[in-house]
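Dear colleague,

Please find below the structure I promised to pass on to you. My notes on it follow directly after.

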Amino acid sequence: MRIVGLTGGIASGKSTVSNHFKAHGVPVVDADIVARDVLKKGTGGWKKVVAAFGEEILQSDGEVDRPKLGRIVFSDPAKRQLLNRLLAPYISSGIFQEILKLWLKGHKVIVLDIPLLFEAKMDKWTKPIVVVWVDPETQLQRLMARDRTNEEDARNRINAQMPLDLKRSKADIVIDNTGSLEDLNEQFQKVLFQVTRPLTWTEFALSRQGALLALFSITIGVLAFRKASL
């Protein structure tokens, strides 16, 4: 199995690239979706976060007010780190479960879409790593336009993440998304070709098909040994 790491920064276009993978039949495990699930009312993550931040972060229906929680943690590094520590075990477990489901279905290539791929130290489980990059000014303007937020709030959210230039230096593949959608699509086709190339022997051994082949080979070997021993 090949687990492709996909990351970027807020408003860099990572979600667009993720959707491109889905549209081309490549399954994607989206950490943001997992994170939303682990924060639903009544879950373990929900209980931890409410205990730490108080019931004032809740909506009238008991669900977490995500924009309000976001404003709290993006303006306070200590609270942001606390939130990450509280949810990390639940998110990691949820991601593992999603990968396992896809492995059992026989998928050979999976994209792991994680904004905090490097920060969460999950880059060591993925190869290759694809980073969607834009220059800082483009990122700022796109975020302000997308979320209709002011410059201060936008900068706080951007500064809360690892700089995109640093992520780019850690990447195996970089998609430069400062241009048009046509430019992005052209780059994506090249990336798609790279990540869906035939598996290496090591990757094949980690796939369901590889595991079944190994089990079959072991079974044949055992039967042959028993026959020779008779």
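**Overall picture**

Of the 230 residues of the protein chain, 39% count as buried. Please bear in mind that this is a predicted model. The protein chain contains eleven helices and five strands. Among its contacts with a separation of 6 or more, 71% are between residues 24 or more positions apart.

I would draw your attention to strand E3, residues 109-113. Five of its five residues are buried, so the strand is largely enclosed by the rest of the structure. In a regular strand, side chains alternate between the two faces of the sheet. In E3, Val109, Val111 and Asp113 point one way, while Ile110 and Leu112 point the other way, and all of them are buried.

E3 is paired with two other strands. Strand E1 (residues 2-8) runs parallel to E3 and is joined to it by five bridges; here glycine 5 has leucine 112 of E3 as its bridge partner. Strand E2 (residues 28-30) also runs parallel to E3, with three bridges between them, and aspartate 30 has aspartate 113 of E3 as its bridge partner.

**Serine 18**

Which residues does serine 18 touch, leaving aside those up to four places away in sequence? They are Leu6, Val28 and Asp113. Serine 18 itself is found in helix H1. Its relative accessibility is 2%, and because the cut-off for buried is under 20%, serine 18 counts as buried.

**The largest pocket**

The largest pocket has a volume of about 1,700 Å³. Its lining is made up of 46 residues, and those nearest its centre are Asp32, Phe74, Pro115, Leu116 and Gln161. By class, the lining comprises 20 nonpolar, 13 polar and 13 charged residues.

At least two residues each come from H1 (14-23), H2 (31-38), H4 (66-74), H5 (77-104), H6 (136-147) and H7 (151-159). The largest share, ten residues, is supplied by H5. In terms of domains, the lining of the largest pocket takes at least three residues from domain 1 (1-27 + 107-197) and at least three from domain 2 (34-106).

With kind regards

Definitions and conventions:
Residues numbered from 1 in each chain as written. Predicted model: local features only at pLDDT ≥ 70, side-chain atom pairs only at ≥ 80, totals over all residues. Heavy atoms only, no water. Buried < 20%, exposed > 50% of the residue type's maximum accessible area, 1.4 Å probe, protein only. Helix = DSSP H or I, 4+ residues; strand = E, 2+ residues; numbered from the N terminus. Pairing = 2+ DSSP bridges. 1 Å grid on protein atoms, 1.4 Å probe; cavity = no way out; pocket = protein on both sides within 12 Å on 5 of 7 lines; lining within 4 Å. Points joined across faces, edges and corners; volume = space filled by probe spheres on them. Nonpolar A, V, L, I, M, F, W, Y, C, P; charged D, E, K, R; others polar. Domains from an automatic or database assignment. Contact = heavy atoms within 4.5 Å.
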